[in-house]
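Work through the exercises below with the sequence and the model at hand. Each task is followed by a solution in steps.

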Amino acid sequence: MAEADVLARLVGFGRELRRLGLPVGTGRILTFCRAAAVLAPLDPASLYWAGRASLISRPEDVEVYDRAFERWFAAAGPGEGAGLVVPGSPPPDGDGVREEPPEVEVEVGGRAAAWRPAEEGAEPEGEASVRLVASAAEVLRTKSFEALTEEERARTAWLIRDLELRLPERRTRRLRPDPRSGRFDVRRTLRRAVRTHGEPFHRAWRSRGSRTRPLVLVLDVSGSMAPYSRALLQFAFAAMAAGRKVEAFCFGTRLTRVTRTLRTRDPDRALREVGRLVEDWEGGTRIGESLRALLDGWSQRAALRGAVVVLCSDGLERGDPELLRRQMERLHRLAHRVVWVNPLKGSPRYEPLARGMAAALPSVDVFLPGHNLASLEELAGVLAG
Amino acid sequence: MEELQEALRREHYLADRGLATAIFLAVSLDKPLLLEGEAGVGKTEVAKVLASLLGRRLIRLQCYEGIDASQALYEWNYSRQLIAARAMEAERAEAHVEDLFGPEFLLERPLLAAIRAGAGAVLLVDELDRADDEFEAFLLEILSEFAVTIPEIGPVVAPEPPAVVVTSNRTRELHDALKRRCLYHWIDHPSLEREVEIIELRAPGVSRTLAREVARAVARLREMDVAKRPGVAETIDWANALAFLGVEHLDGEVAAATLGAVLKDHEDQELARARLGELIEEAGAGEDG
């Protein structure tokens, strides 16, 4: 086979991976080609490992890589010297028809948009209407999400999104220049001393800085939480603006990460996407299992360590409460603070008797309701503290 | 490739095909090798073995939170400079500022050492995920140029870049720019047979039977619902501990007493103790059959 053909196949494979959504840039493809050249004569195993080392850099991507490799170099017969053969047919453009996920409605868009111009348009009409809006907002603040009409729900959505969240800070180990006080900075002092003929007149100091803690939101979207989960998702969207290290997860029977989906500018689209992503929308609840998935799979990467973790769930666990208790203990040891938001707590008669809730409660630092706007504001306040 | 695997084995390191390929490519293409994997799968060991294999000096930079350029690259020995300056003054000698910034006042840190050593060194940047993002950006700069300019002395350039091994426990995701520059390999827990081989290689005092039992028991432990899955290092420790006690066969009593060598989490230990019988039975089962 001509050399140019081999090169084209190698580059084509890199581009195929890119098409499948892996971050494969030209630099990586170049490395891949150089690697293939170094390893020549190539056998399939060398080619496979050369690609794995140079084209991908996340264990999650291995699966996609494997499948693409299989397809792309499929027809490579053992007899071929280079082990690189044009596959029998060009790879199909997709894996058949993508299964369309069940339509889930996370409605905010149309109605919210209809309400917004009204608010803006109300302005020139004088103070009266402003007051009207304000008092309406006041009613909305204390009305349970469950009891909201569709229109009110849309309005609340806007109010939640406008909530401003601040995250708590922690002291870092790294020292930064500090004009006032702290530890003596010999390096900078002596640098300054050069200007004054070696006499250290101007002393420099440095001290430890601070950095915002990560925030992890874990939202229950099971059936029993349906009246609240939309509002909580709005809250999660607002929280995304609070810092770089914010992660959001949804769970019913299994855990889904929704951080990336929520990190867009268009909230309506983000929420629709989340609806599509979360497969078990409004199904049962397995809090313990989901937490374990979070702790096993994400404790390292989502930086649960030292984080503020907010769990939103009614605690009606279908699984084993003992499992939930153990996972909550793990979480509590790892996180800086565990906040449990339970909409049922909004009812004055509520007592945390559900087995799941009772099991989890000892590991919870702050237990809040989250059934209306006022309580979400309270939550925002707790997070900053 | 087989040759490299064989050479690594002589250095008491068992690498599978993928890791061997990655190491080979890193050395031939002069690219840093980024190794990720759970704790205790032998990431750091790769650098050590590579250094002794190539007959190079190993320069290790252990990362930690708050590490900065003065701890990684170089720093002036200020106290010595001060004393020298005072001494010059006292002797009324012709004082030249340049004299104060000579090589004898320079404290060499790992990165500068690696640049100076060039191809004569293997640079190990250990647990990069512990350092903060700013340091990662700084390291990226060094890794792409292998040159640094010290204002008072001038540029220091590596004639040929050293071999670089970067390890990460993945407590956070490293930046893409850095990953792009590196070759990547994810080290997984070894297969059962390989782990037996590793024990035999690294813990020569352990009998074959015991090695098998230990490897099987550890493999079973990893499948259990433990918070911290034991790594290869723990397996070797455990095998060594058992051999030291003069044990030939893994049984419930000894296993319970030495469990601390493999499981370092209280809850995990309790879980394993509760299912110890099952564990021992399975570990020994392969021998009879």
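The model is predicted, so local features need pLDDT of at least 70 and side-chain atom pairs count only at pLDDT 80 or more, while totals for chains, interfaces and linings use all residues. Residues are numbered from 1 along each chain as its sequence is written, and chains are lettered from A and ligands numbered from 1 in the order in which they are written.

**Exercise 1.** State which elements of chain B H2(B) lies across, and at what angle to E9(B) it runs.

Step 1. Helices (H or I, at least four residues) and strands (E, at least two) are DSSP runs, numbered from the N terminus.
Step 2. Helix H2 of chain B covers residues 17–29, and lies across strand E1 (33–37), strand E8 (163–168) and E9 of chain B.
Step 3. Its angle to E9(B) is about 155°, where axes are lines fitted to C-alpha atoms, for helices over the stretch in contact, and angles run from 0 to 180 degrees between N-to-C directions.

**Exercise 2.** Give the strand order of the open sheet in chain B and identify its edge strands.

Step 1. Two strands pair if DSSP finds at least two bridges between them.
Step 2. Five strands form the open sheet in the order E2-E5-E8-E1-E9 (chain B), and the pairing is parallel.
Step 3. Strand E2 (57–62) and strand E9 (183–187) of chain B each pair on one side only, as edge strands.
Step 4. From one strand to the next, the twist averages 20°.

**Exercise 3.** Describe the side of chain B that touches chain A.

Step 1. Contact means that the C-beta atoms of two residues, placed from the backbone, lie within 7 Å.
Step 2. In these terms, 29 residues of chain B are in contact with 29 residues of chain A.
Step 3. H2, helix H5 (78–91), helix H9 (176–181) and E9 of chain B each supply at least two residues of this side, and H2(B) gives the largest share, seven residues.
Step 4. By class, this side of chain B has eleven nonpolar, seven polar and eleven charged residues. Ala, Val, Leu, Ile, Met, Phe, Trp, Tyr, Cys and Pro count as nonpolar, Asp, Glu, Lys and Arg as charged, and the others, Gly among them, as polar.

**Exercise 4.** How do H1(A) and H2(A) pack, and which residues meet?

Step 1. The axes of helix H1 (residues 3–19) and helix H2 (residues 26–39) of chain A come within 9 Å and cross at roughly 140°.
Step 2. H1(A) and H2(A) are therefore oblique to each other, given that angles under 35 degrees count as roughly parallel, over 145 as roughly antiparallel, 65 to 115 as roughly perpendicular and the rest as oblique.
Step 3. Leu7(A), Leu10(A), Val11(A) and Gly14(A) in H1(A) meet Arg28(A), Ile29(A), Phe32(A), Cys33(A) and Ala36(A) in H2(A).
Step 4. By class, seven nonpolar, one polar and one charged residues make this contact.

**Exercise 5.** Is His175(B) buried, partly exposed or exposed?

Step 1. A residue is buried if 20 or more other C-beta atoms lie within 10 Å of its own, exposed if 12 or fewer, and partly exposed in between, with C-beta atoms placed from the backbone.
Step 2. His175(B) has 14 C-beta neighbours inside 10 Å and therefore counts as partly exposed.
Step 3. His175(B) is in the loop between E8 and H9 of chain B, and touches Asp133(B) and Glu136(B), not counting residues up to four places away in sequence.
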